[in-house]
Amino acid sequence: MIKKFDKKDEESGSGSNPFQHLEKSAVLQEARIFNETPINPRRCLHILTKIIYLLNQGEHFGTTEATEAFFAMTRLFQSNDQTLRRMCYLTIKEMANISEDVIIVTSSLTKDMTGKEDVYRGPAIRALCRITDTTMLQAIERYMKQAIVDKVPSVSSSALVSSLHMVKMSYDVVKRWVNEAQEAASSDNIMVQYHALGLLYHLRKNDRLAVSKMLNKFTKSGLKSPFAYCMLIRIASKLLEETEGGHDSPLFDFIESCLRNKNEMVVYEAASAIVHMPTCSARELAPAVSVLQLFCSSPKAALRYAAVRTLNKVAMKHPSAVTACNLDLENLITDSNRSIATLAITTLLKTGSESSVDRLMKQISSFVSEISDEFKVVVVQAISSLCQKYPRKHSVMMNFLSNMLRDDGGFEYKRAIVDCIIGIIEENPESKETGLAHLCEFIEDCEHTVLATKILHLLGKEGPRTPAPSKYIRFIFNRVVLESEAVRAAAVSALAKFGAQNDDLLPSVLVLMQRCMMDSDDEVRDRATFYMNVLQQKQKALNAAYIFNGLSVSVPGLEKSLHQYTLDPSERPFDMKSVPLATTPISEQKSATSKMPEKMAPSRQDIYQEQLAAILEFQGLGPLFKSSEAVQLTEAETEYVVRCVKHTFAQHMVFQFDCGGVTVCVCVCVSQVGV
Amino acid sequence: MDSQTEPSLYTVKAVLILDNDGDRLYAKYYDDTYPTVKEQKAFEKNIFNKTHRTDSEIALLEGLTVVYKSNIDLFFYVIGSSHENELMLMAVLNCLFDSLSQMLRKNVERRALLENMEGLFLAVDEIVDGGVILESDPQQVVHRVALRTFLFPSQVLQSAKEQIKWSLLR
């Protein structure tokens, strides 16, 4: 007997989902009973639930079927069942965008909104505002204003929030309700206060004076709502930033006073606001930091996370302010939440001393495999800055980084590590051999072509100068045998550099080069043949020109000049000298989270070239030879700032004057002037 | 330093409930961070993978703050931008969980939830509206949802089964 029951239980099973095999067409068919009278609330409710479930799962409803279902649903307003009515409101909201003629429910909703059933009023308002347009809004304006100041909190909140949603669409109409919103702000209910404040701010945010007055009033009168306080703090900090208010401003005092609020949410918001202020001295940060320090030992993970994340930001600008928290941060290293642990460690790396580096690195390596890729990159970047700070610790870090390279990880992560190692090699000649060895090991099994070619290029540059260059040859040549075309081509170039610089290796390199000439890919064969011929000449000058020094001209510039040459064929061979030299590319923003551009950034010069070529009058001048740096012609403090860039062409000079938003170009024929 | 974002009442990007297999039981997205269903489901899969094994409440995933809570075979998520006050997002999560706990008579698990989906829909509707936190007190939410209380079929079956089992064993 027992067995039978268990079996039945298994059939209806814990894995079963009553909605699992729902079919949209079947459900819509069922919805036809909405038209029957009397209405069966339970059944109708169940069908509506199924419809909303389907919508929620992402099921697509065509306009016709949605409209049909919507119209059928409107019949259900005849029933007085509360839950059913509520589900109707929900259905209206869910289908507002996919059904046509949804405004037919306007009168029913308006009736409910102003009716006696408080349970209906709030949701009815929200549903109504979902389907309303500007014209209709004006028709119900009176009701909305009444609702905003209604004593029932759910009604007031619903009206306020709906008004907020409608600011985008009907700002002018909603703006007329400012007084009602103001009155609602003095409500006792903590959510109503929050909503009223939010609406008032959104309506006034372009008027700094109004915002300032509002802040003044609310900071003095003391709202009770923690949500409202958080909003006030954000508004206050924004205002402080905009007006570049000093830290003796009452706004700052208000934010600082919030550090002593009873509610943790408010305290945290205040601390976070202070930390994010662009100009903050260590002394001003101190109270915020001590509050965050307390949060580090909170039992709530969210609070610890928020605290350590904010301390991490403080450490970027004011590491000394955070050292007081080092002990608490060390406790967080073993936190079960990996994000917290990672943030704790990276903060410590920024504020820690040289002696703590070893200990910290050991702790990170124990869990780095468990954290997400995003955090792994954060850790690598922290290590990178640490390497610059403590160059003597390079061996510990290098070891650690190579271990990380061996583990699994995405492209961004591996690239961050490779860049970090390359950074160390470039800064620290002592670390070069270990670094190159680690990188060689990495390319043996690297699936990212970009990284492999980058490392091969580096090997070609640095390898020949090491005491024992031959050991790198094996690694490089293995790549020629095993990898993809791009990597093989890079390997060939690297090999050539070894051959060019080390005479004793030259015979071996030539032999290897010979083998590469049999490669299946053209690029590889071409490079091999080219380098072979250059190396066989055994002339230092040729080696220098073709193997060591890369292209000294900018690639986009070269492309343009070649294109110009093909358009205007002549007997003369193409002259490399006509291509402008590469100027330094536009500096990449070096912030902690920036991604480096994948393609080569066009240099300033190329941009100028393009701009000038676009001007009709300048097209006959020929290719641009060189552009100078922008020269300030006025002092920086003057009202109008003028800068000048000099562009040199073959026989002309163009002076580009930049004045604010206006640019004036003057072209002078040099040959005539006799310069 | 992060640039100050515009103060706004719009703080919640999404509320999600996933089951033990990471499948969607409920999802409401309040902005177009993930505009298509395909992208949404990919996001859900990603956060499920990163969070269902650990017990920690909070994480930063795909550049968004994710606060979460799990119970038996359900996973609850509230998503906000990384600039949001994490405690505010936790308040939403706790409100949702506590409201459901009351409505489901502490039976916050998949089957009970599926048998009371309308309660869930209405509860979320009372907690977050268009990305704005509407209510944070679970008592208020339960009151406003105003569901008729009736025993769920599975609870009836369960208690009957128990009774028969014991009577037979005596």
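User: At what angle do helix α6 and helix α7 of chain A pack?

Analyst: This is a predicted model. Helix α6 of chain A covers residues 106-113 and helix α7 of chain A covers residues 118-131. Their axes lie 8 Å apart, and α6(A) passes α7(A) in a left-handed crossing. The packing angle is about 150°.

User: How do the residues of the contact of α6(A) with α7(A) divide into nonpolar, polar and charged?

Analyst: On the α6(A) side the contact is made by A:T106, A:L109, A:T110, A:D112 and A:M113. The residues they meet in α7(A) include A:Y120, A:R121, A:A124 and A:I131. The contact divides into eight nonpolar, two polar and two charged residues.

User: Which residues make the nonpolar surface patch of about 220 Å²?

Analyst: One member of the patch, A:V662, is found in strand β5 of chain A, residues 662-669. The patch is made by A:V662, A:V664 and A:V666.

User: What is omega for the cis peptide bond that joins A:T37 and A:P38?

Analyst: A:P38 lies in the loop between α2 (24-30) and α3 (41-56) of chain A. The bond joining A:T37 to A:P38 is cis, with omega of about -10°.

User: Where in chain B does B:E62 lie?

Analyst: B:E62 is a residue other than glycine with a positive phi, near 50°. As for its place in the chain, B:E62 lies in the loop between β3 (58-61) and β4 (64-71) of chain B.

Note on methods: Residues numbered from 1 in each chain as written. Chains lettered and ligands numbered in written order. Predicted model: local features only at pLDDT ≥ 70, side-chain atom pairs only at ≥ 80, totals over all residues. Heavy atoms only, no water. Axes fitted to C-alpha atoms, helices over the stretch in contact; angles between N-to-C directions. Helix = DSSP H or I, 4+ residues; strand = E, 2+ residues; numbered from the N terminus. Left-handed = near helix turned anticlockwise from the far one by under 90°. Contact = heavy atoms within 4.5 Å. Nonpolar A, V, L, I, M, F, W, Y, C, P; charged D, E, K, R; others polar. Patch = residues over 30% accessible without salt bridge, like charges linked within 9 Å, V, L, I, M, F, W, Y side chains within 5 Å. Areas by Shrake-Rupley, 256 points an atom, 1.4 Å probe, with all protein chains shown as cover. Salt bridge = Lys/Arg side-chain N within 4 Å of Asp/Glu carboxyl O.
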